[in-house]
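Good morning, and thank you for making time for this.

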Amino acid sequence: MTAGLALPATPENLPIGKGRIVRGGDKGDKGGKVAILSLGTRLAEALKAADQLDAKGLSTTVADLRFVKPLDHALIAQVAGAANLATW
């Protein structure tokens, strides 16, 4: 068994410098009290942490920033601005 997330069946283009909200936020709810900003290989861990926080009654948004350079400042502002607590 390999660690990480499954790859999509069809390859997709990743716009350089653009992250995505993986859970919460614009994924159908209003966002969460807690926002976890993930980068690189830590997305699976961020999703596990979100599950644990949700189990304790804290709605959680997870954003995958995807790139360090250029950093998606707009996504960071969107996610962090809607949450009571944001963490990397």
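Let me begin with contacts, meaning heavy atoms within 4.5 Å. Leaving aside its neighbours within four places in sequence, Asp 64 is in contact with Gly 19, Arg 20, Val 22, Ser 38, Leu 43 and Leu 75. A word on the source: this is a predicted model, in which local features need pLDDT of at least 70 and side-chain atom pairs count only at pLDDT 80 or more, while totals for chains, interfaces and linings use all residues. Residues are numbered from 1 along each chain as its sequence is written, and side-chain values use heavy atoms, with hydrogens and water left out.

Asp 64 lies in strand S3, residues 60-64. Strands (E, at least two residues) and helices (H or I, at least four) are DSSP runs, numbered from the N terminus.

Is Asp 64 buried or exposed? Asp 64 counts as buried because its relative accessible area is 7%; buried means under 20%, exposed over 50%, and partly exposed in between, with a 1.4 Å probe and protein chains only.

Which strands pair with S3? Two strands pair if DSSP finds at least two bridges between them. Strand S1, residues 20-23, pairs with S3 in the antiparallel sense over 3 bridges, and Arg 23 has Val 62 as its bridge partner. Strand S2, residues 34-38, pairs with S3 in the parallel sense over 5 bridges, with Val 34 opposite Thr 60. Together, S2, helix H1 (residues 43-55) and S3 make a right-handed β-α-β unit; right-handed means that, with the strands pointing away from the viewer, the path from the first strand over the helix to the second runs clockwise.

Finally, the loop between S3 and H2, where Arg 66 lies. The backbone nitrogen of Arg 66 is 3.2 Å from a polar atom of the Asp 64 side chain. Arg 66 is partly exposed, at 22% relative accessibility, and its phi is near 65 degrees, a positive value in a residue other than glycine. Pro 70 is also placed in the loop between S3 and helix H2 (73-82), and the peptide bond from Lys 69 to Pro 70 is cis, with omega near -10 degrees. Most residues other than glycine have a negative phi, and most peptide bonds are trans.

Definitions and conventions
A polar contact is a pair of N or O atoms within 3.5 Å; within protein, one must be able to donate a hydrogen and the other to accept it, and residues adjacent in sequence count only if both atoms are side-chain atoms.
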